[in-house]
Amino acid sequence: MRPEQLTRALMAPPVGYVDEACRTQLRGRLSRELAPLVGRLPHRQRLVVNLADLRRARERPDSLSRQQEPFTWKPVFARRSLGLAVVDACAGGRFRSPAEAVGPVASEAVEEWERSGWRTFHWEPWFAGLDRGARALVLSEAVTWATSLWASFDWAAFEVPPRLGGGDDQWVCPDAGAVILKGRSELRVPVGTTGPEGPGAEGAGQEGAVHDRSGADGAVPVALASVASGRPSDAWAAELAYPALVAALRSPSRPVPARVAGLWPDAGIHLVVDIDGEVLASAVDRVVATVSAMVEARRLPQPA
Amino acid sequence: MKFVRRPLRASHDWHPLAGEALLERLRVTGRPRLQSDPDLQGRLRGSLESGLNQVGDAGPDAPATGSGAGTPPPPSSSAVVVVTKDRLTGVLACEAHHVAGEFGDRPPTPAMACGALVDVLFRQLIAVGSIDDPMADGMAALGVDDRQQDLVSWIVGLPSAEREALRAEVERQADGLRRHWPALEPAWLPRTQESMRVGLAHGAVELSARVDLAIGRPAEDEASVALVEIKAGARRVEHRADLHFYALVEALRSPAPPFVVATYYTRTGELDVDPVTEELLVGAVRRTIVGTRSLWNLAHGAVPRRTPNSLCGRCTLLPECEPGQARVERSEAAWARGPEDGR
């Protein structure tokens with residue numbers, strides 16, 4: 001999909017519809033189905049589930065039982081947040097391209113941390129302590145990552161500037177408090193507040209029917225974009241629906257995201273899923289399967 | 001430790017391209033750039049899919065299955081067969097040599113260390129526009145890459161004379177990079193180590209490449225991307241086929257193929273440039289089908305075939321490989337007779 005096509009597809013008026021009853025049903029189903037699974041977890045353990053876990057549970061379930069190494073910063077960990085800041089700086093018109101932006105953006109982040117002690121990206125002290133060659137590798141990784149995102153969209157065509165990065169959406173399952181769902185997207189942008197009727201709504205199926213999709217506080221629905229490495233699996237729609245599911249659960253007063261675009265730059269593939277009750281239900285299926293696999297992995301004896 | 005240097009060029013007047021001339025050589029190929037053509041992309045993919053249609057089937061030319069003597073067990077049949085330029089070249093040269101080299105970590109060598117250091121220094125030059133102390137910069141970059149920890153330890157543990165030889169070669173090549181490579185305009189979207197992947201045969205096969213440098217906004221109507229591979233070692237004939245594989249993978253994943261693929265040799269400053277044409281891509285498809293079928297068969301238990309070739313002298317299987325030994329003997333005899341009789 002070319003940049004202008006992808007941008008248009010992302011910003012098109014919503015076509016799916018998720019009403020409050022559907023949202024309540026999804027929430028209830030997760031609570032019911034996760035609670036017994038979590039009951040099998042070793043004492044006081046918590047499970048944080050993200051999109052990468054959904055993919056691992058399906059494609060490489062054996063990797064769930066491997067012990068996590070203690071976190072240390074690496075170029076591949078810093079490239080997303082630095083890359084997003086780089087694209088944000090380009091979209092804002094400060095720089096013409098990621099290669100031009102990356103040095104100044106990284107330097108500004110470090111200067112800000114040195115001045116105020118505030119770590120916007122968390123990697124600032126690590127980056128500042130690196131030797132010149134290692135810093136260059138971090139910048140290179142970020143440029144390559146950012147360029148794939150920058151080249152995917154027609155940035156001038158966005159009516160409202162997209163928000164790049166930002167905090168993860170998070171939802172703690174009320175009846176299975178040990179499970180925390182985290183949803184992350186690289187880009188979110190408001191989309192039209194009117195569109196064809198959703199199923200079950202008054203006037204559904206009538207030509208030209210429109211429906212107000214704004215939330216209780218007048219918030220308009222958003223479209224999300226999610227960047228992944230590799231190639232999409234054949235379950236890509238349910239995976240892309242996951243960040244929309246977490247956003248829908250987290251904030252009942254806000255409209256459910258209208259759609260999610262998935263970008264697989266390695267494969268040159270861009271796919272878009274319109275969010276409706278059915279695709280959210282498939283995301284719930286994946287969450288339940290993933291939590292089940294993660295619980296089983298935690299119950300396996302760990303190597304000394 | 002010695003870095004073997006062959007004569008650079010027959011002509012003493014030859015100088016490596018530098019600055020604008022280097023860019024011009026990449027930009028102006030003398031051939032029209034291919035247009036975005038869904039039909040061409042469809043034909044390339046269709047040829048690959050039909051060529052791989054029967055991968056794994058025991059056709060008349062399929063090798064016997066079983067466990068080859070002295071070869072490790074094949075990977076699980078459920079695994080995706082990943083096709084990279086190295087695997088393709090290796091399996092087409094000799095299946096047995098390829099299988100022997102697939103398992104276990106290869107011990108570091110001076111050439112491997114030099115290549116890894118020059119790779120990260122090239123990335124540095126593209127990203128920040130300068131290289132300060134090549135050895136220090138290169139080691140710092142490798143030091144934050146988990147996959148290079150064994151190599152870093154090996155370099156640190158080298159006797160001082162060998163480390164100095166490595167340093168001298170890395171500095172020489174870094175100096176060449178500094179003098180010859182111009183700053184790339186940021187608007188051309190230069191990016192290093194770009195990953196490219198294409199799935200085939202319903203996901204059972206994945207073509208995978210990681211290109212050292214891509215320049216140019218991703219293609220829309222006309223081929224607009226140049227792919228450059230950096231080599232710190234000697235020029236080899238198979239490098240050309242590596243480039244064609246890159247061109248094919250990019251042509252399959254993007255609306256248009258790259259307009260040019262090139263190898264830059266940091267040891268000499270040579271630049272091999274191939275304009276991308278339909279013929280080049282069709283040739284790459286044929287080679288990829290043949291190699292992928294071999295990789296597929298090996299992954300599914302085929303006995304690796306032994307094909308004597310120029311790598312036999314360095315192959316770990318040589319002591320037990322009669323065709324390889326015969327090849328090495330013939331080669332040594334030809335050298336002993338002198339260049340007049342050599343074949």
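In what order do the 5 strands of the open sheet in chain A run? The order is β2-β5-β6-β7-β8, and the pairing is mixed. Before going further, some ground rules: this is a predicted model, in which local features need pLDDT of at least 70 and side-chain atom pairs count only at pLDDT 80 or more, while totals for chains, interfaces and linings use all residues. Residues are numbered from 1 along each chain as its sequence is written, and chains are lettered from A and ligands numbered from 1 in the order in which they are written.

Back to that sheet. Strands here are DSSP runs of E with at least two residues, helices are runs of H or I with at least four residues, and both are numbered from the N terminus. Two strands pair if DSSP finds at least two bridges between them. The edge strands are β2 (163-164) and β8 of chain A, each of which pairs on one side only. β2(A) meets β5(A) in the antiparallel sense over 2 bridges, and in one of these A:Leu164 has A:Leu187 of β5(A) as its bridge partner. Helix α8(A) packs on the sheet, touching β6, β7 and β8 of chain A, and its direction makes about 120 degrees with that of β7(A). For such angles, axes are lines fitted to C-alpha atoms (for helices, over the stretch in contact), and the angles run from 0 to 180 degrees between N-to-C directions.

Helix α1 of chain A (residues 3-11) also belongs in this picture. Its buried residues are A:Leu6, A:Thr7, A:Leu10 and A:Met11. They cover an arc of only 120 degrees around the axis, which puts them on the same side of α1(A); the arc is that of the directions from the helix axis to the C-beta atoms. A residue is buried if 20 or more other C-beta atoms lie within 10 Å of its own, exposed if 12 or fewer, and partly exposed in between, with C-beta atoms placed from the backbone. The buried residues of α1(A) pack against β5 (187-190), β6 (222-227), β7 (259-264) and β8 (269-274) of chain A.

Chain A also has an open sheet of 3 strands, in the order β1-β4-β3, with mixed pairing. Here β1 (47-49) and β3 (169-172) stand at the edges, each with a single partner strand, so one side of each is left without a neighbour in the sheet. The twist averages 20 degrees from one strand to the next. β1(A) and β4(A) (residues 179-183) pair in the parallel sense over 3 bridges; A:Leu47 is partnered with A:Val179, and A:Val48 with A:Ile180. With β3(A), β4(A) pairs in the antiparallel sense over 4 bridges, including one between A:Trp171 and A:Leu181. β3(A) and β4(A) form a hairpin with 6 residues between them.

What about the nonpolar core? Such a core is a set of buried Ala, Val, Leu, Ile, Met, Phe, Trp, Tyr and Cys residues joined through C-beta atoms within 7 Å. The largest one has 173 residues, and those with the most contacts inside it are A:Val86, A:Ala241 and A:Leu280. Contact means that two C-beta atoms, placed from the backbone, lie within 7 Å. Leaving aside neighbours within four places in sequence, A:Val86 is in contact with residues including A:Pro98, A:Ala101 and A:Ala142. By contrast, A:Thr24 in helix α2 (residues 20-38) of chain A is exposed, with 11 other C-beta atoms within 10 Å.

Now for the partner chain. 27 residues of chain A are in contact with 33 residues of chain B, and α7(A) gives the most to the chain A side, with 10 residues. Chain B has 11 helices and 6 strands, and 40% of its 343 residues count as buried. In its strand β2 (residues 191-200), 7 of the 10 residues are buried, so this strand is largely enclosed by the rest of the structure. β2(B) pairs with β3(B) (residues 205-215) in the antiparallel sense over 9 bridges, and B:Gly199 stands opposite B:Glu206. This hairpin has 4 residues between the strands, and B:Ala201 takes a positive phi near 50 degrees.
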